[in-house]
Amino acid sequence: MNFPVTRMRRVRRTEAMRSLVRETHLHPGALIYPLFICPGEGVRKPISSMPNVFNLSLDEALKEAEQCAAAGIGGLLLFGLPSEKDEQATGAWADDGIVQTALREFKKNRKLDSLVMMADVCLCEYTSHGHCGVVARDGDHYEIENDSSVALLAKTAASLAKAGADIVAPSDMMDGRIAAMREALDEAGHAMTPILSYASKFASGFYGPFREAADSAPQFGDRRSYQMDGANLREAMREIDLDVAEGADMLLMKPAMPYLDIIRAARERFDLPMGAYQVSGEYSMLCAAFERGWLEPERTMMESLTSIRRAGADFIVTYFAKDAAKVLG
């Protein structure tokens with residue numbers, strides 16, 4: 001029936017009514033908070049381009065993790081800032097690497113049992129050149145080698161699982177890395193450790209603030225030869241297909257807001273648990289608008305997260321996780 005018999009506003013009259021018929025819901029357990037762990041003690045270094053986000057020494061990171069657990073947040077995504085870097089990203093797979101050390105400490109703390117510990121698997125924070133793999137140089141020409149990079153990534157995944165990671169999350173976009181990681185994990189006795197694949201990670205201008213946070217900007221060139229072209233939806237579906245075939249247990253779409261159509265297409269096609277990463281640039285531009293009074297902080301933050309959830313993400317990696325958890329209660 002049409003108006004006036006049908007009046008769509010009937011179910012919008014009160015907050016109780018709107019809540020009753022709401023189709024998309026957020027809850028703290030669906031939020032994942034990224035942590036950047038750095039050397040030292042008592043370190044809480046502000047990241048200038050990301051308000052209220054910090055590089056944290058392990059003691060400070062433990063405090064932050066306890067706050068996240070108390071707020072009901074679902075998990076943490078851990079990134080490391082090593083004290084030294086080299087061409088082979090040694091710190092990424094060393095037993096005493098910064099994330100490995102953090103994982104062991106986190107696992108000792110019973111207050112953190114409710115948090116899923118996700119460890120990012122990439123080499124960019126650990127290489128002296130800032131690329132996500134091994135660099136082969138020939139004069140002024142360079143190439144990011146695929147297969148030698150995959151070997152190091154698989155080694156890194158096994159090392160992180162040994163240290164206590166509940167989930168390993170490769171973000172490098174090298175071909176074949178999921179199969180190599182699955183084999184390395186299984187051979188090392190970690191057959192039950194799932195792989196959360198950044199299955200369609202796009203080369204994006206929205207990563208800028210993260211590169212300050214993780215000190216991972218490439219020293220030359222860019223990452224377009226391995227991260228995806230943002231114009232390609234069909235190619236993204238093929239990338240995901242391949243990762244699923246290689247043994248990915250979960251999927252992560254990155255970035256989120258500029259690629260909501262990718263999230264929706266993936267949700268309609270794949271049945272695996274799927275998350276999306278509301279990346280640093282998305283966070284920073286909203287914070288900049290909040291600081292200038294151009295947008296209402298709480299309302300806009302929740303609207304942005306709801307849009308990602310509505311597009312099809314089961315969980316969201318976001319720097320707003322703590323603030324959103326307070327709103328959700």
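I started with F36, which counts as buried because its relative accessibility is 1%, under the 20% cut-off. This is a predicted model, so I treat every value here as computed from that prediction.

I then looked at the strand around F36. Strand β1 covers residues 31-37 and includes F36. β1 is mostly covered, with 7 of its 7 residues buried. Which residues of β1 point which way? L31, Y33, L35 and I37 go one way, while I32, P34 and F36 go the other, and all are buried.

- β4 runs parallel to β1 and is joined to β1 by 6 bridges. I found P34 standing opposite L77 in β4.
- β3, residues 54-56, also pairs with β1 in the parallel sense, over 2 bridges. Here F36 has N55 as its bridge partner.
- β12 pairs with β1 over 2 bridges, again in the parallel sense. L31 has I316 of β12 as its bridge partner.

**Aromatic pairs**

I searched the whole structure for aromatic pairs and got 9. One of them brought me back to F36, which forms a stacked pair with F79, at 5.4 Å centre to centre and 25° between the planes. The pair links distant parts of the chain, since F36 is in β1 and F79 in strand β4 (residues 75-80), 43 residues apart. F79 is buried too, with a relative accessible area of 1%.

I went on to Y283 and F320. What is the angle between their planes, and how far apart are the ring centres? The planes are at 55° and the centres 4.7 Å apart, so this pair is tilted. Y283 belongs to helix α10 (residues 280-291) and F320 to the loop between β12 (315-318) and α12 (321-328), so the pair ties together parts 37 residues apart in sequence. Y283 counts as buried at 2% relative accessibility, and F320 is buried with a relative accessible area of 2%.

**Charges over rings**

I looked for charged ends above aromatic rings and noted two cases. K155 lies over the face of W93, 3.8 Å from the ring centre. K254 has its charged end over the ring of Y207, at 5.1 Å from the centre of that ring.

**The nonpolar core**

I checked the largest nonpolar core, which has 114 residues. Which members touch the most others? They are L76, F106, M253 and Y277. Helix α5 (residues 147-163) gives the largest share of this core, with 9 residues.

**Cysteines**

How many disulfides does a search of the whole structure find? The count is 0. C68 is in no disulfide, and the nearest cysteine sulfur, that of C287, is 16 Å away. That is no disulfide because the sulfurs would have to lie within 2.5 Å. C68 is buried, with a relative accessible area of 0%. C287 is likewise in no disulfide, its nearest cysteine sulfur being that of C68. C287 also counts as buried, at 9% relative accessibility.

**The β6–β7 hairpin**

I turned to strands β6 (residues 134-138) and β7 (residues 141-145), which run antiparallel and are joined by 5 bridges. V134 stands opposite E145 in β7. The two strands form a hairpin with 2 residues between them. One of the things I noted in the turn is G139, with a positive phi of about 65°.

**K111**

My last stop was K111, in the loop between α4 (98-108) and β5 (116-121). Is K111 buried or exposed? K111 counts as exposed because its relative accessibility is 59%, over the 50% cut-off. Setting aside neighbours within four places in sequence, I found K111 in contact with E66 and A69. K111 and E66 are 45 residues apart along the chain, and their C-alpha atoms are separated by 6.4 Å.

Notes: Residues numbered from 1 in each chain as written. Predicted model: local features only at pLDDT ≥ 70, side-chain atom pairs only at ≥ 80, totals over all residues. Heavy atoms only, no water. Core = buried A, V, L, I, M, F, W, Y, C linked by side-chain atoms within 4.5 Å. Buried < 20%, exposed > 50% of the residue type's maximum accessible area, 1.4 Å probe, protein only. Helix = DSSP H or I, 4+ residues; strand = E, 2+ residues; numbered from the N terminus. Pairing = 2+ DSSP bridges. Phe/Tyr/Trp six-rings, centres within 6.5 Å; stacked < 30°, edge-to-face > 60°. Lys NZ or Arg CZ within 6 Å of the ring centre and 35° of its normal. Contact = heavy atoms within 4.5 Å.
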